[in-house]
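Q: Please take a close look at one part of this model, with attention to its charged side chains.
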Amino acid sequence: SCDPKIIKHTISLANELKVACVVDAQRNLGEYKNVTSMTPNLPDTENSVGFEIHSPQDLEKAGNILLEQTKAKAILITCGADGMFVAKPNNDFTKIPVFNKSEVFDVTGAGDTVTAVYSLALASGIDPVYAAIIGNVAASIVVRQFGCATTTVEDLLGAVEKL
């Protein structure tokens with residue numbers, strides 16, 4: 001775990017340089033103030049907000065709590081087989097389904113793929129919802145392979161063309 005001073009300084013520097021700062025933390029999500037976004041999974045979100053999430057309304061409430069605590073521009077909650085949920089300020093919510101559920105062989109690295117591709121898309125200036133969709137497509141590619149797999153821009157473009 002990083003020292004809080006390092007976290008604060010890194011976020012401050014990213015904001016000063018106007019570069020995307022995406023947090024993929026498992027706990028203490030409220031410590032990450034003024035980030036571009038964060039990508040907690042459902043259990044980490046539940047632990048952070050203090051209640052279980054069973055409905056779309058629960059997701060919205062949790063998203064708003066994390067937005068308020070962190071002052072992030074967006075929160076991407078990964079929900080496993082139930083897809084993803086993007087919360088932006090002013091009650092702007094988007095549910096994103098999983099792509100290619102039937103071809104899943106190994107979910108190893110899927111969350112890291114989502115975070116990496118989502119972060120790259122945000123750094124490129126793409127809206128968080130579209131960035132999440134691109135991350136979702138990338139994850140749908142790596143879960144079709146055994147072990148910790150990667151994808152390429154060509155694979156990603158090919159998958160998008162098939163949607």
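At its relative accessibility, does Lys-88 count as buried or exposed, and which salt bridges does Lys-88 form?

A: This is a predicted model, in which local features need pLDDT of at least 70 and side-chain atom pairs count only at pLDDT 80 or more, while totals for chains, interfaces and linings use all residues. Residues are numbered from 1 along each chain as its sequence is written, and side-chain values use heavy atoms, with hydrogens and water left out.

Lys-88 counts as buried, at 13% relative accessibility, where buried means under 20% relative accessible area, exposed over 50%, and partly exposed in between, with a 1.4 Å probe and protein chains only. Lys-88 forms a salt bridge (a side-chain nitrogen of Lys or Arg within 4 Å of a carboxyl oxygen of Asp or Glu) with Asp-92, the closest N and O atoms being 3.7 Å apart, and Asp-92 is partly exposed at 32%. Lys-88 also forms a salt bridge with Asp-127, where the closest N and O atoms are 2.8 Å apart. Asp-127 lies in the loop between α4 (110–123) and α5 (128–142), whereas Lys-88 belongs to strand β4 (residues 84–88), so this pair ties together parts that are 39 residues apart in sequence; helices (H or I, at least four residues) and strands (E, at least two) are DSSP runs, numbered from the N terminus. Asp-127 is itself partly exposed, at 29% relative accessibility, and through shared partners the salt bridges join Lys-88, Asp-92 and Asp-127 into one network.

The structure holds three salt bridges, one of them between Lys-71 and Glu-68, with the closest N and O atoms 2.8 Å apart. Lys-71 is partly exposed, with a relative accessible area of 45%, and Glu-68 is exposed, with 53%.
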